[in-house]
Amino acid sequence: MSTLPACPQCQSEFTYEDGGQFVCPECAHEWSAQAAPAEAARVWRDASGNVLQDGDTVTVIKDLKLKGGGGVVKMGTKVKNIRLVEGDHDIDCKIDGFGSMGLKTEFVRKA
């Protein structure tokens with residue numbers, strides 16, 4: 001399964017291919033498939049849309065239940081020195097009282 005590039009105008013991820021063109025259904029922007037970058041650098045964003053980088057401090061914005069009956073990471077928990085990774089979870093970190101774990105960027109806000 002190939003991944004299509006995000007819209008260069010509105011950053012929508014719902015683009016589709018129509019012949020030799022890419023089309024954004026949200027802003028109706030069209031651009032050439034040859035003009036699309038072959039490999040764009042991944043940008044991680046928090047729930048508010050702020051760009052995240054390695055070493056940032058983030059705050060959990062929702063109570064997160066841990067699998068295996070390990071408890072709950074409460075809303076408002078600060079997580080320091082995050083590391084951004086590829087995979088189903090975007091953030092590797094250590095949380096006091098819980099240890100090492102993976103978080104998704106949609107559940108954190110940059111502090």
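This is a predicted model: local features need pLDDT of at least 70, side-chain atom pairs count only at pLDDT 80 or more; totals for chains, interfaces and linings use all residues.
1. Met 101 lies in strand E12; strands (E, at least two residues) and helices (H or I, at least four) are DSSP runs, numbered from the N terminus. Met 101 counts as buried because its relative accessibility is 16%, where buried means under 20% relative accessible area, exposed over 50% and partly exposed in between (1.4 Å probe, protein chains only). Not counting residues up to four places away in sequence, Met 101 touches Leu 66, Val 73, Ile 91, Asp 92, Cys 93 and Ile 95; contact means heavy atoms within 4.5 Å.

2. Residues are numbered from 1 along each chain as its sequence is written, and side-chain values use heavy atoms, with hydrogens and water left out.

3. Thr 105 is found in the loop between strand E12 (99–103) and E13. With a relative accessible area of 10%, Thr 105 is buried. Its side chain reaches the backbone oxygen of Arg 45 at 3.4 Å. Such a polar contact is a pair of N or O atoms within 3.5 Å; within protein, one must be able to donate a hydrogen and the other to accept it, and residues adjacent in sequence count only if both atoms are side-chain atoms. Leaving aside neighbours within four places in sequence, the contacts of Thr 105 are Trp 44, Arg 45, Asp 46, Ala 47, Leu 52, Asp 90 and Ile 91.

4. Strand E13 also belongs to an open sheet of 3 strands, with the order E9-E6-E13 and antiparallel pairing. Its edge strands, each pairing on one side only, are E9 (78–79) and E13 (108–110). Two strands pair if DSSP finds at least two bridges between them. Strand E6 (residues 58–60) is joined to E9 by 2 bridges, and these strands run antiparallel. Val 58 has Val 79 in E9 as its bridge partner.

5. A further open sheet is formed by 3 strands in the order E1-E2-E3, again with antiparallel pairing. E1 and E3 are the edge strands, each pairing on one side only. Neighbouring strands of this sheet are turned by 35 degrees against each other on average, direction ignored. Between E1 and E2, which run antiparallel, there are 3 bridges; Tyr 16 stands opposite Val 23 in E2.

6. A search of the whole structure finds 1 aromatic pair. Phe 22 and Trp 31 form this tilted pair, at 5.7 Å centre to centre and with 40 degrees between the planes. Rings of Phe, Tyr and Trp (its six-membered ring) pair if their centres lie within 6.5 Å; planes under 30 degrees apart count as stacked, over 60 as edge-to-face and the rest as tilted. Phe 22 counts as buried at 7% relative accessibility, and Trp 31 counts as buried at 10%.

7. Gln 11, in the segment before strand E1 (16–18), has a positive phi of about 65 degrees although it is not a glycine. Gln 11 counts as exposed at 53% relative accessibility. Ala 28, in the loop between strand E2 (21–23) and strand E3 (30–32), has a positive phi near 65 degrees and is likewise a residue other than glycine. Ala 28 is exposed, with a relative accessible area of 58%.

Terms used
Axes are lines fitted to C-alpha atoms, for helices over the stretch in contact, and angles run from 0 to 180 degrees between N-to-C directions.
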